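Take a look at the structure first, and then read on.

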Amino acid sequence: MMDLLNLQPATAEIFLALASLGLVLVSAFVAPQEKASKLVRRLTLISFAIAIFLTIYNGSTPAYAFNGQFFTSSFMVYMKVIILLGAMGILLMAKRELKQDQIDRPELPLLMLLSVVGMMLMVSANDIIVLYMGLELQSLPLYVIAAIRRESLRSSEAGLKYFLLGALSSGLLLYGASLLYGFTGHTSYDGIKIALENDVSPGAVIGMVFLISGLAFKISAAPFHMWTPDVYEGSPSIVTAFFAVVPKLAAMTLFLRFTYGVLADASDSWQQIVMIIAVLSMLIGAGGAIMQTDIKRLMAYSSIAHMGYALVGVAAASDLGIGAVMLYMTIYVISSIGVFAIILSLKQEGRPLTRIEDLAGFSKTHPVYALAMMVLMFSMAGIPPMGGFFGKWYVFSAAIASGHVALAIIGVLASVIGAFYYIRIIKVMYVDDQVISIDNHIPRSNTMIALGAAVLMAVFLFGLGVLREQITAAVPFVVFVAG
Amino acid sequence: METTTWPVLTVLTFLPLIGVVFLLLIRGDEDVVSRNARNVALWVSGFTFLLSLTLLINFDPTYAGYQFVDKGEWLAADGIGFMMGVDGISMPFIVLSAFLTPLAILASWQSVQHRVREYMIAFLALETLMIGTFAALDLVVFYLFFEAVLIPMFIIIGIWGGARRVYSAFKFFLYTLAGSVLMLVAILVMYNIAGTTNIPQLTDFAFDPDVQFWLFLAFFASFAVKMPMWPVHTWLPDAHVEAPTAGSMILAGVLLKMGGYGFLRFSLPMFPDASVTFAPMIFVLSIIAIIYTSLVALAQQDMKKLIAYSSVAHMGFVTIGIFSLNVQGVAGAMFQMISHGLISAALFFAVGVVYDRLHTRDIDAYGGVADAMPRYAVFFMIMMLGSVGLPGTTGFVGEFLVMVGAWQANILVAIFTATGIVLGATYMLWLYRRVVFGRAEKDEILSLEPLNQREIFIFVPLTILVIWYGIFPSGILEIMDVSIMTVLDQMDLASMELSGNSQIATTGIGE
């Protein structure tokens, strides 16, 4: 299996990397910028679709490539497919945004593509050096697209903030990784895992703490969340949507692979840290969102809280927990994309609206969208029978199965606080009188994604059984040590 | 367990949702949509009621287990399945839900004029969720229905409510949610200990008494808010005052009963030891509720608020009856819940009738209504007397049985409960006197329109049932008798211990 020349498991990544290089040429040689932008956007979408096909086609049998530095299995396939679908969903909605935000350049889809390559590498990395390369490949394009509206002060500010804090977190992560290497003598996940089976030295624990802190930055978990609201608010909405969905998924996958996979035998050492991060994220996410007036900032805090819930599953440090996190992230991705599809549809004469009170009277002017938004809000609040409830159900179930009842109690109480701001949006849409007239034209792609996400969340309970089977089958392959 | 050839219970539960689909399909201008929406909602809920009656007719009251059981695969890998069924405890509530929904829809025939389609969708969805809550035999399925009830009720209060509707809707939603999520944690703990969420299996499962202690408290948090019990009742007056008439009818008529149902379905049979341990605490809370909220009701200027506080007091009787842990007490609690479901729905409707005419609920604005609306005065009087517990009405049967049960459990409790009955008579009679009697002097009172046919049509069935079952209570008691015995048998040992204690208490006072 350790065949040096067998590149087949990495076909999708290799394809996407080549595609991105090809698209650089396309964007350089196709004459008017608008045309190039359109072409690159479409080709990126097609590349994602092909990558999904390749990922699934290559199958879910566990396999190594690049001398054991790259690993793929049903777990990775599941996460990669969701990452790619998420990226596709965002890109589908980008057309009008790019025009109206005056960022209609081929760079944006291209940078997204590069970032996604990095994410797929992060997911499949089986060596901390590959992990770091993937992480940086993922992060650098994101810093650029956060600041893609160069003339806008806030967009530049967002990009700079993201870059500074992102670089800091990458540094932390790298430092932690080097400590782990120093104290275990391995860079490969398998090697570290085996080394930690026998003995967890204090140095390795310090390395672990740094590494987890770095990862917590990437998923914007408290207390490393400070950048999130500002970056979400300052970036163009389409970029915010991308940030809210895709990188989180990749970083959470990495979190899972590292904590439960690599550091499984040292779980006593990191479980408490993850628990504290989870509790802080749930509480800060819920509390911070209450006073927000900007819907993008609200979504930032909401995502902090959601990461907290997902981390409850990580803290459970069990197969149940991993499955719960996978399900939670799936639901999070679907509902977030749906909510952003609606946020992206809110325009007044082409100008984006982001204040919550702009939604007043939305149920009268756009009844179907308001209904979709309501379903998504109840889902995010975790009210049954919407999908979000089942995410919470499995996460807390895993925590309780591992004996962390207190964690579950804090979690459910935080979800009550969280429910307040979600239902506030429903109240604004349904009770308040219209103040601002929202443009009637909504692109078809936004409509389809918003309604599709809402319908999925509403009927989620019917598909849950099938999804659970997929997940349960994938869980054992978070790491795979041959022999 | 008896299974049926076709899933009658599932059909009954989801029938109103088919109505929702019809409502979504209606096209046309607003008037046409509104008219059709009202008709569709009425027909669908009426048909649901008829179906629930066939269920009642085919129900075998001598059978101790669950009947009309439907089972389905759902999350087989996780040990969670879809299961529905009824016994003597859930049967009356299902019929009550199906009975009150068409009346509630009829009650809002004219008072709701905007967004009629959405309104009817909310009510039909609510009906599905109510029936589902009572019929579910899997804890997860139960929780789905139980919690989802918040969504339509939040919308009904929030959109069609009064001036402070937003505040009330939020309070209702967050209070109830806060209680329920603790129950969710308890459900997860039970699921992890017992490995199943099947209610009959969980009932047979013996939880460790120490664990029972915490599980009971978590379930109590949810049901106490829902009932509501003092001191977590404060959402109820706000919700009732702001909710539209039909919303109040369903809220008081059915939703409050979910708490009592929960105690009987979960707390008593699954946590028998903890139920005995906590019974004194619940007695104290209930007595405070009965006396304190009765006094608060006396001071109210708002008719709806007064009736809302009286609901809290009446629910206090229910909890005392349930936790007296004997047949009379539990049967009394059940009967009181059904009776209160009918009477409070009628009383809230009675307030709605005059509110539609004068647009105020201030008691002082009325007086002498009997002159202008003699029939209304008669219906209101019967319901008022039912609420007071006059013999010959259902209110009397429920209160009497609860008193008998409480007497066996603890004489002091029975004595305090009795004061509640006196206070209840005070505020209800005083309310009636101020609104209906006296000389009508104001022009707007004299010019009140008498009851129209639609309103009479709503009052008549409620009145007939309140008097009929007041005189022949055995019609309801027979249905639930066997099931109540089963519940009490399940907590066998524990209740023996309690009656032992009460024996001592009795002799103690006798000396």
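## Helix H2 of chain B

The buried residues of H2(B) are Ser34(B), Ala37(B), Arg38(B), Val40(B), Ala41(B), Val44(B), Ser45(B), Thr48(B), Ser52(B) and Leu55(B). Please keep in mind that this is a predicted model. Those buried residues of H2(B) find their packing partners in chain B, namely helix H1 (8–25), S1, helix H3 (90–107) and helix H4 (116–135).

How does the span of helix H2 of chain B agree with its 29 residues? Helix H2 covers residues 30–58 of chain B, and at 1.5 Å a residue it should span 42 Å; the end C-alpha atoms are 42 Å apart, so the two agree.

## Chain A as a whole

Turning to chain A, you will find 20 helices and 4 strands. Its radius of gyration is 21 Å, close to the 23 Å that the globule rule gives for 483 residues, so chain A is as compact as a globular protein of that length. Along the principal axes, the C-alpha atoms of chain A fill a box of roughly 65 × 60 × 40 Å.

Of the 483 residues in chain A, 62% are buried. Among chain A contacts between residues at least 6 apart in sequence, 81% join residues at least 24 apart.

## Where the chains meet

The contact draws 26 residues from chain A and 28 residues from chain B. On the chain B side, strand S1 (67–75), helix H5 (139–148), helix H6 (150–160) and helix H7 (165–194) each give two or more residues. H7(B) gives the most, with 14 residues. By class, this side of chain B has 24 nonpolar, 2 polar and 2 charged residues.

Technical notes. Residues numbered from 1 in each chain as written. Chains lettered and ligands numbered in written order. Predicted model: local features only at pLDDT ≥ 70, side-chain atom pairs only at ≥ 80, totals over all residues. Rg over C-alpha atoms; globule rule 2.2 N^0.38 Å. Buried ≥ 20, exposed ≤ 12 C-beta atoms within 10 Å, placed from the backbone. Contact = placed C-beta atoms within 7 Å. Nonpolar A, V, L, I, M, F, W, Y, C, P; charged D, E, K, R; others polar. Expected span 1.5 Å × (residues − 1).
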